[in-house]
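Subject: Structure handover

Hello,

Here is the structure you asked about, with sequence and coordinates together. My notes follow below it.

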Amino acid sequence: MLETRGLTKVFPNGTRALNDLSVTIPDGQFVVVIGLSGSGKSTFLRCLNRLVEPTSGTVLLDGKDVTAAPADKLRQIRMQIGMIFQQFNLIRRESVLTNVLTGALGTASLPASLAGRWPAAVMERAMANLDRVGIAEKAHQRADTLSGGQQQRVAIARTLMQQPRVLLADEPVASLDPATSHSVMRYVEQINKEDGITVVCNLHFLSLARRYADRVLALRGGELVADLLPNAIDEAKFKEIYGEDAMEVEVA
Ligand code: ADP
């Protein structure tokens, strides 16, 4: 279970990006976070694994206090929390396989892995994870020769190397066209359903939120303003939450 209590982030310039957010996410739930640009979605996700240090409040993973964890404990906790990003964040000049293997850096012996000598079992897992996202045949290509959708699938395979309990996805399809977006989201859905990995995913397309979420959290001005089942969030509800600003958001 992933839980936040009073999670708050005030940036040094005084911006209150997240305000007193308390939410309990059961294991295996697929949570989609929606909101206008600047509503705090990315800050929320990044506070969950302390990529952004919360100003106050608590994050608990299976009752363990993420926010209070010292560096060595935080490393262990972060192994359980995978993350994918809008811009994929691959090492562009390295092969697809090497990129996937870097997901195991926290588990393998560092000197051996830096020298490119990965244990056979790790290598096998990397190939199996590439196979799961349907691009095993691209293993030896340079990462930057792949399309955007394929690169995001590499990023998913990389994060699977951590064998995470939770996957944070920060606008994972914002750079992709609609058809490719579905091809990526279907893999996220697959690992959620097959492996029981909890997913917390920021999206700005209502249609995608409705299609993939078990639960939709709506943020406005850093506050949680709605916690809904996906079929409860239609355009009218969205306008009710966001007023005329809702025009900014793509509801298609
Ligand atoms: P979203 O992901 O919903 O677009 P963000 O979490 O990126 O929203 O941003 C929430 C608010 O915090 C915005 O007002 C944004 O400008 C501000 N913000 C984000 N990062 C920083 C930062 N490093 N320093 C100052 N303000 C920030």
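Start with a charge over a ring: Arg211 lies over the face of Tyr212, at 4.1 Å from the ring centre. Please keep in mind that this is a predicted model. Every value here is computed from it.

**Aromatic rings**

A search of the whole structure turns up one aromatic pair. The partners are Phe238 and Tyr242, with ring centres 4.6 Å apart. Their planes stand at 50 degrees, so the pair counts as tilted. For reference, stacked would need planes under 30 degrees apart, and edge-to-face over 60.

Both residues belong to helix α9, residues 235–242. They are four residues apart there, which means about one helical turn separates them. Both Phe238 and Tyr242 are buried. For Phe238 the relative accessibility is 1%. Phe238 can also be placed against Ala226, twelve residues away in sequence. The C-alpha atoms of Phe238 and Ala226 are 9.9 Å apart.

**The largest pocket**

Next, the largest pocket. Its volume is about 520 Å³. The lining consists of 17 residues. Arg78, Met79, Ile81, Met83 and Gln162 lie nearest the centre of the pocket.

Which elements give two or more residues to the lining? They are α2 (71–79), β6 (81–85) and α6 (148–160). Of these, β6 gives the most, with four residues.

By class, the lining has six nonpolar, eight polar and three charged residues.

**Helix α1 and what follows**

Helix α1 spans residues 41–48. Six of its eight residues are buried, so α1 is largely enclosed by the rest of the structure. The buried ones are Lys41, Thr43, Phe44, Leu45, Cys47 and Leu48. Note that Lys41 is on that list.

Leu48 has a relative accessible area of 1%. The C-alpha atoms of Leu48 and Val59 are separated by 6.3 Å. Along the chain, Leu48 and Val59 are eleven residues apart.

Just after α1 comes Arg50, with a positive phi of about 60 degrees. Arg50 lies in the loop between α1 and β4 (56–61).

**Two positive phi values**

Most residues other than glycine have a negative phi. Arg50 has a positive value and is not a glycine. Gln163 also has a positive phi, of about 50 degrees, and is not a glycine. Gln163 sits in the loop between α6 and β7 (166–170).

Are these two residues buried or exposed? Arg50 counts as buried, because its relative accessibility is 13% and the cut-off is under 20%. Gln163 counts as exposed at 58% relative accessibility, since that class begins over 50%.

**Where to look when you open the file**

- Arg211 and Tyr212, for the charge over the ring.
- Helix α1, with six of eight residues buried.
- Arg50 and Gln163, for the positive phi values.

Best wishes

Notes:
Residues are numbered from 1 along each chain as its sequence is written. This is a predicted model: local features need pLDDT of at least 70, side-chain atom pairs count only at pLDDT 80 or more; totals for chains, interfaces and linings use all residues. Side-chain values use heavy atoms; hydrogens and water are left out. On a 1 Å grid over the protein atoms alone, a cavity is a set of points where a 1.4 Å probe fits but cannot get out, and a pocket is an open set with protein on both sides within 12 Å along at least five of seven lines; lining residues have an atom within 4 Å of a point. Grid points are joined across faces, edges and corners, and a volume is the space filled by probe spheres set on the points. Ala, Val, Leu, Ile, Met, Phe, Trp, Tyr, Cys and Pro count as nonpolar, Asp, Glu, Lys and Arg as charged, and the others, Gly among them, as polar. Buried means under 20% relative accessible area, exposed over 50%, partly exposed in between (1.4 Å probe, protein chains only). Rings of Phe, Tyr and Trp (its six-membered ring) pair if their centres lie within 6.5 Å; planes under 30 degrees apart count as stacked, over 60 as edge-to-face and the rest as tilted. A charge sits over a ring if NZ of Lys or CZ of Arg is within 6 Å of the ring centre and within 35 degrees of the ring normal.
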